[in-house]
Amino acid sequence: MTVRLGDTAPDFTAPTTQGEISFHEWLGDSWGVLFSHPKDFTPVCTTELSGFAQEKKWFAERNTKLIGESIDSIHSHVAWVQNVREKTGVYMDFPIIADIDMKVAHLYGMLHDNASSTAAVRAVFFIDQKGIIRLIMYYPLNVGRNMEEIKRVLEAMQTADEKGCAMPLNWKKGDRVILPPPKTLKDLDARLGEKNIELVDFYLAKKELA
C-alpha cells in the first residue's frame, strides 16, 4: 500500500513501548509525527531517535505527538531505550511501535524493496489534527534525518493553516509569508493599493505576520 498526501492516515492497533495503542484514538485531536527506523541498536537510528526525544517538549508545545516504528520486537525496543538512557542520559519515552509482522510498515509504504526488503526505510509522516497526511519524507538507510527541517516544515504547515497563507523558500518563523494571489480584478486592485507588503508583482506579495 502507498499512502499519499491528503490521504487519511491508516489506522492500526499495535504494541508499543507505552503499551498497546489504537493509532487514531491515541492521536486524538493532536498533530502527529510518525517516523520509522531500520533497526534498534544501530548508530544512525540511535542519533535520530535521541534527537526526537530531546525535542519532545518542542513538539508538545505545538500540539504534536511523536511515535516511532521498526520491525524489531517490543523486548528489543525496551532494551534499546534503556541502553541509550544508560549510555547518553537521553530517554526515548515516546511510544515506539513493535512492528514484527510489518503491518504498519506495509500500511504506510515504509518497505522499499530496492533499498531493503527486511527493514523499513527512514520515513517521516506528518499527520494533522484531522488525521490527514500532510507531508512525507524519505531518507536512505545510511543518512540520518535533519531535525531542523522536520521542525521547520511542521511549524510552516501549522502557521499556514492558521494564517491562510503560503511559505516561500527556506521560510522560518519570523520571516515574511506569501499572500494568496488575487482571484478577481477587484482583489487585484486592492492588492496594488495595499500597504505594508512587499509587492514583487501582483501575484507574488509577501507580508510580515502580526
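Predicted model: local features only at pLDDT ≥ 70, side-chain atom pairs only at ≥ 80, totals over all residues.
1. A search of the whole structure turns up zero of them.

2. C45 counts as buried because its relative accessibility is 0%. C165 has a relative accessible area of 14%, so this cysteine is buried too, the cut-off being under 20%.

3. C45 belongs to α2, where the buried residues also include T46, E48, L49, S50, G51, F52 and A53.

4. Now to α6, which covers residues 147-163. With 17 residues, α6 reaches 24 Å between its first and last C-alpha, close to the 24 Å expected.

5. Which residues of α6 are buried? They are M147, I150, K151, V153, L154, E155, A156, M157, Q158, T159 and A160. Please note that K151 and E155 are on that list, along with Q158 and T159.

6. What do the buried residues of α6 pack against? Their partners are the helices α2 (43-54) and α3 (56-60), together with the strands β3 (31-36), β4 (64-70), β6 (122-127) and β7 (133-139). That brings us back to α2, the helix with C45 among its buried residues.

7. Both ends of α6 have a detail to check. At the start, a side-chain oxygen of N146 comes to within 3.0 Å of the backbone nitrogen of E148. Just after the helix, G164 adopts a positive phi of about 65°.

Definitions and conventions
Residues numbered from 1 in each chain as written. Heavy atoms only, no water. Helix = DSSP H or I, 4+ residues; strand = E, 2+ residues; numbered from the N terminus. Expected span 1.5 Å × (residues − 1). Buried < 20%, exposed > 50% of the residue type's maximum accessible area, 1.4 Å probe, protein only. Contact = heavy atoms within 4.5 Å. Polar contact = N/O pair within 3.5 Å; in protein donor to acceptor, adjacent residues only side chain to side chain. Disulfide = S-S within 2.5 Å.
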